[in-house]
Amino acid sequence: MGSTETTNGVPELRYIPLTYSPADSQASALRLILTLFPHWEGPDNKIEFVRFTDGITNTLLKIINRKPGLTDEQIDNDAVLMRAYGNGTEILIDRERETTSHNLLASRGLAPPLLARFKNGLLYRFIRGKPCSHEDLVTPPIFRGVARKLAQWHAVLPNTAAGSVSPTPAEKLDAEITPIQPRRAGDSMWAVLQRWVLALPVATPEQRARRLSLQHELEWVVGQLDDGMGIGEDGVVFAHCDLLCANVIVLPDDVGTQTEDDVAPVNFIDYEYAVPAPAAFDIANHLAEWIGYDCDYNMIPTKSVRRQFLTEYTKSYCKHRGLDAASESEMVDRLYQDVDRFRGIPGLYWGVWALIQAQISQIDFDYADYAEQRLGEYWAWKREVDGSRAKAGEEVPLREKRWAQEA
């Protein structure tokens with residue numbers, strides 16, 4: 001059965017009642033692709049699987065049909081990406097929201113078409129291009145391209161695009177924690193972070209105390225930053241919220257989107273965490289990813305580089321919103337201050353996320369250590385904000401030192 005049009009014009013997605021199994025990877029992936037494309041079966045077809053390892057949550061396979069006589073470009077144009085969810089990630093990710101978001105983005109030309117979902121994943125078209133490394137993100141052609149594309153997202157997508165955050169399961173509530181009430185009801189990155197805090201393990205007194213401590217931090221940052229003062233409707237935009245290097249694809253020269261001003265054309269992939277959020281959070285979160293998985297804080301953008309990024313972002317945002325260019329300088333200054341205010345929140349966000357991953361993931365990655373590094377970024381930021389680091393006479397941490405540098 002193919003896709004049908006829903007009442008809102010976004011295609012209803014085909015469902016394949018099969019499961020991808022990592023223990024039987026090629027055979028289970030083959031069953032999925034032949035169910036989706038029965039015409040790929042037979043002696044004239046040569047199906048191959050290419051495994052991507054850049055992600056640290058899911059299994060990602062590129063499935064190609066290397067028919068005789070086809071060019072690499074033709075093969076890639078017919079290729080399919082299969083993304084199978086990591087173990088237990090439904091605790092972290094609302095899969096219905098992800099599918100709705102992807103479908104909407106595809107309808108606006110901002111995501112590859114979704115082809116089908118299956119029991120534990122999605123099948124969608126492959127985007128030709130090169131995934132970035134974190135070293136790529138700091139180069140001007142690419143960071144300017146990212147700034148333009150991110151501004152387009154924030155300018156043209158409705159900030160209600162992701163649907164509703166699932167209610168917190170009753171078993172996660174207890175007398176110790178009263179969930180936050182963000183200024184904006186419904187879905188938001190604050191609501192997502194609240195669900196994650198409630199999902200933290202509480203098997204030991206130490207774990208319980210840490211969850212309570214992180215809940216107090218969430219309450220504090222919501223009080224400080226959830227003020228509706230950002231750009232977009234009601235201070236919120238539809239945000240990617242996971243714009244790490246591997247989710248930025250630099251498009252090849254032959255796709256017809258090259259710019260004339262040395263700005264790399266890019267697209268974004270993987271919309272698992274896309275949700276309404278302050279634009280400053282989405283931008284600060286992306287800039288935080290310049291450090292890479294190894295958390296190399298020497299890569300943090302300095303003041304002048306951040307202003308270059310925000311200048312490019314603002315030009316694109318005003319263009320897509322039809323705003324007067326005369327307001328660009330004021331908007332750059334405003335965003336610069338907002339991003340500075342949000343610079344510590346990605347550390348809290350992904351620190352809590354990694355604490356959960358350390359309990360559920362079967363992927364060979366040290367989530368526990370990653371959690372401590374990212375939470376350390378949050379604590380370092382807070383100590384700058386409240387002055388406790390200076391009062392104690394301690395040295396400025398490298399991340400904060402880089403952030404404060406002019407050039």
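Reply: A term for the packing first: contact means heavy atoms within 4.5 Å. Helices (H or I, at least four residues) and strands (E, at least two) are DSSP runs, numbered from the N terminus. This is a predicted model, in which local features need pLDDT of at least 70, side-chain atom pairs count only at pLDDT 80 or more, and totals for chains, interfaces and linings use all residues. Residues are numbered from 1 along each chain as its sequence is written, and side-chain values use heavy atoms, with hydrogens and water left out.

Me: Which residues of α7 and α12 meet?

Reply: From α7, R210, S213, L214, E217, W220 and V221 meet E372, L375, Y378, W379, W381, K382 and V385 of α12. By class, this contact of α7 with α12 has eight nonpolar, one polar and four charged residues. Here Ala, Val, Leu, Ile, Met, Phe, Trp, Tyr, Cys and Pro count as nonpolar, Asp, Glu, Lys and Arg as charged, and the others, Gly among them, as polar.

Me: At what angle do α7 and α12 cross?

Reply: The axes of α7 (residues 205–225) and α12 (residues 367–386) cross at roughly 45° and come within 13 Å. Axes are lines fitted to C-alpha atoms, for helices over the stretch in contact, with angles from 0 to 180 degrees between N-to-C directions. The helices α7 and α12 are therefore oblique to each other; angles under 35 degrees count as roughly parallel, over 145 as roughly antiparallel, 65 to 115 as roughly perpendicular and the rest as oblique.

Me: On to the sheet. What is the strand order in the open sheet of six strands?

Reply: The order is β3-β7-β8-β6-β5-β4, with mixed pairing. The edge strands are β3 and β4 (47–52), each of which pairs on one side only. Two strands pair if DSSP finds at least two bridges between them.

Me: How many bridges does β7 form with β8?

Reply: Four bridges pair β7 with β8 (residues 121–125) in the antiparallel sense, and L114 stands opposite Y124 in β8. The two strands β7 and β8 form a hairpin with two residues between them. With β3 (residues 15–16), β7 pairs in the parallel sense over two bridges; F118 in β7 is the bridge partner of I16. Strand β6 (residues 80–84) runs antiparallel to β8 and is joined to it by five bridges.

Me: How many residues of β7 are buried?

Reply: Four of the five residues of β7 (residues 114–118) are buried, and the strand is mostly covered. Buried means under 20% relative accessible area, exposed over 50%, and partly exposed in between (1.4 Å probe, protein chains only). In helix α8 (residues 279–288), ten of the ten residues are buried, including F281, D282 and H286.

Me: Now A354. Where is it, and is it buried or exposed?

Reply: A354 is placed in helix α11 (residues 345–360), and at 0% relative accessibility A354 counts as buried. Leaving aside neighbours within four places in sequence, A354 is in contact with Y367, Y370 and A371.

Me: Last topic, backbone angles. What is the phi of D262?

Reply: D262 has a positive phi of about 60° although it is not a glycine. D262 lies in the loop between β11 (248–250) and β12 (266–268), and at 59% relative accessibility it counts as exposed. D270, also not a glycine, has a positive phi near 65°. D270 is found in the loop between β12 and β13 (275–277), and is buried, with a relative accessible area of 13%.
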